[in-house]
Amino acid sequence: MLVDWGVSIRRACKVVPFDTSSYHYKSRRTDPTAIKKRIKAICETHIRYGYRRVYHILRREGWVVNAKKVYRLYRGLGLQLRNKPPKRRVKAKLREDRTPAVRHNDVWVMDFVHDQLATGRKLRILTVIDTFSRFSPVIDARFSCRGEDVVATLDRTCRKVGYPKTIRVDNGSEFVSRDMDLWAYQRGLTLDFSRPGKPSDNAFIEAFNSKLRSECVNTHWFLSLEDACEKLDRWRRHYNEERPHSAIGNIPPIMLANPSGATSPPDPGKRKTLDPSGSRLGSSAKAARLQSQLVESWGSVTCNQTLR
């Protein structure tokens with residue numbers, strides 16, 4: 001109409017009728033590519049997070065966005081979750097490949113083991129191990145364990161042996177709690193959740209739990225909570241300081257967690273790797289070489305003491 005009839009914008013809008021402010025309006029919508037990428041990254045790490053939890057994480061990181069936009073982008077990316085996923089037909093895929101740990105306190109794994117006292121009262125045992133050295137910093141037994149209890153145990157343990165970079169957990173209510181998420185955010189840690197219905201994602205802790213059950217839990221009667229804590233801690237020290245571990249060259253985990261060989265928790269301020277190249281001592285050749293070096297060093301120390 002403006003071109004064909006040669007009328008003004010105001011007269012054309014009056015004839016249609018159409019508001020002139022709508023005609024002059026220019027969209028101020030920003031490019032959503034960056035926020036889409038961030039939403040996808042959050043959901044790759046936390047596979048059971050809905051759009052509301054993603055929204056709170058974005059706001060905490062400084063993104064200026066409201067919940068409605070997050071919901072629209074969340075659904076547009078196809079990330080909506082089923083409230084009741086069907087059992088026996090879980091088809092969740094691992095969204096991000098896990099890199100192996102290269103030094104002590106890189107990756108921790110934790111889970112729960114269930115048992116009972118001699119009186120029949122139930123016990124919940126929190127188990128934690130380091131995936132590189134197989135060192136177990138804590139085994140905590142309680143009658144009941146909530147999110148704040150897990151946080152208190154981890155914070156007390158990390159002050160002694162140092163803080164890890166990543167903690168792998170399952171989707172239990174204690175690990176997905178707000179207390180656990182806030183503690184990890186304040187400490188700069190990453191919580192790596194396994195896929196629902198896939199305990200093989202946490203194979204390290206499952207193997208450790210089987211050893212704990214076969215070597216300690218199934219061979220002792222726990223008369224009280226104090227008795228259970230004492231026996232579990234005694235087995236943990238035996239596992240860390242004396243028991244040979246086949247995955248690390250049949251040496252105790254304390255020798256990888258603390259190369260000096262001292263039977264005490266490693267210094268969190270002096271984290272070192274035994275391999276100068278920084279590679280993982282997971283192969284049998286490297287573990288055997290490490291064991292031979294330790295034997296040679298012990299032999300030289302013994303000879304020197306004998307000569308003196």
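Colleague: What covers the buried residues of helix 9?
Modeller: In this predicted model, the cover over the buried residues of helix 9 includes strand 2 (122-130), strand 3 (138-142), helix 8 (203-215) and helix 10 (254-257).

Colleague: And which residues of helix 9 are the buried ones?
Modeller: They are Asp227, Ala228, Lys231, Leu232, Trp235, Arg236, Tyr239 and Asn240, in a helix of 17 residues (225-241) that reaches 24 Å from its first C-alpha to its last, close to the 24 Å expected at 1.5 Å a residue.

Colleague: Switching to the largest nonpolar core, which of its residues touch the most other members?
Modeller: That core has 35 residues, and Ile39, Val54, Met110, Val150, Ile167 and Trp183 touch the most other members, while helix 6 gives the most to this core, with five residues. Apart from it lies another core, of 18 residues, which includes Trp235 along with Val113, Ile139 and Cys216.

Colleague: Where is Thr153, and what does it touch?
Modeller: Thr153 lies in helix 6 (residues 147-161) and, leaving out residues up to four places away in sequence, touches Leu126, Val138, Asp140 and Arg142.

Colleague: Why does Thr153 count as buried?
Modeller: Thr153 counts as buried because its relative accessible area is 0%, and the cut-off for buried is under 20%.

Colleague: What about the surface, which residues make the nonpolar patch of about 370 Å²?
Modeller: Ile9, Val16, Phe18 and Tyr23 make that patch, and of these residues Val16 is found in the loop between helix 1 (9-15) and helix 2 (20-24).

Colleague: Is Val16 buried or exposed?
Modeller: Val16 counts as exposed, because its relative accessibility is 54% and exposed means over 50%.

Note on methods
Residues numbered from 1 in each chain as written. Predicted model: local features only at pLDDT ≥ 70, side-chain atom pairs only at ≥ 80, totals over all residues. Heavy atoms only, no water. Helix = DSSP H or I, 4+ residues; strand = E, 2+ residues; numbered from the N terminus. Expected span 1.5 Å × (residues − 1). Buried < 20%, exposed > 50% of the residue type's maximum accessible area, 1.4 Å probe, protein only. Contact = heavy atoms within 4.5 Å. Patch = residues over 30% accessible without salt bridge, like charges linked within 9 Å, V, L, I, M, F, W, Y side chains within 5 Å. Areas by Shrake-Rupley, 256 points an atom, 1.4 Å probe, with all protein chains shown as cover. Salt bridge = Lys/Arg side-chain N within 4 Å of Asp/Glu carboxyl O. Core = buried A, V, L, I, M, F, W, Y, C linked by side-chain atoms within 4.5 Å.
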